[in-house]
Structures are given as C-alpha cells and as structure tokens.
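Please look over the sequence and the model shown here before reading the briefing that follows.

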Amino acid sequence: MPMSNIFENLKDGATIEQFLEWFLGVDGRKAEAVLERSIYTSWTGHICRHRASFEPLR
C-alpha cells in the first residue's frame, strides 16, 4: 500500500483508528512509524535516504 494512502485519509478527516479498520492489512506500528517519521521530517527538514531505516506500509 502506498504511504500516501494514510496521509490522504487523514487529510480527509479520518482518524488513525478508522484508517486501520478500513485497511486491515496495515500494521498499526508501521502506520505509527510513518506518522512519526513525517513529523520528524517536517520539524527538522531531514529526509531519510536509507531504505533500511524506513519501512513503507504494505
């Protein structure tokens, strides 16, 4: 699943709980990691370029 799906759903007003209910195959810990990385990146301007340090949602 593209990571953009989580952002699109949240932008449209869904809660993280709703997103996880709608997309049962998504691991909640991975979704949380995506959001935390997004927050970190927006605060620091740091872009993670190492695949091993960031696992996409599947």
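Is Arg-29 buried or exposed? Arg-29 counts as exposed because its relative accessibility is 64%, where buried means under 20% relative accessible area, exposed over 50%, and partly exposed in between (1.4 Å probe, protein chains only). This is a predicted model, in which local features need pLDDT of at least 70 and side-chain atom pairs count only at pLDDT 80 or more, while totals for chains, interfaces and linings use all residues. Residues are numbered from 1 along each chain as its sequence is written, and side-chain values use heavy atoms, with hydrogens and water left out.

**Confidence**
- The protein averages a pLDDT (the predictor's confidence in each residue, from 0 to 100) of 78, and 72% of the residues score at least 70.
- Over residues 50–55 the pLDDT stays under 50; where pLDDT is low, the predicted coordinates should not be read in detail.

**Salt bridges**
- The count comes to 2 salt bridges, each defined as a side-chain nitrogen of Lys or Arg within 4 Å of a carboxyl oxygen of Asp or Glu.
- Arg-29 pairs with Asp-27 in a salt bridge whose closest N and O atoms are 2.8 Å apart, and Asp-27 is partly exposed, with a relative accessible area of 27%.
- Lys-11 and Asp-12 form a salt bridge with their closest N and O atoms 4.0 Å apart; Lys-11 is exposed at 67% relative accessibility, and Asp-12 is exposed at 63%.

**Gln-18**
- A polar atom of the Gln-18 side chain lies 2.8 Å from the backbone nitrogen of Thr-15, and Gln-18 counts as partly exposed because its relative accessibility is 31%.

Methods
Contact means heavy atoms within 4.5 Å. A polar contact is a pair of N or O atoms within 3.5 Å; within protein, one must be able to donate a hydrogen and the other to accept it, and residues adjacent in sequence count only if both atoms are side-chain atoms.
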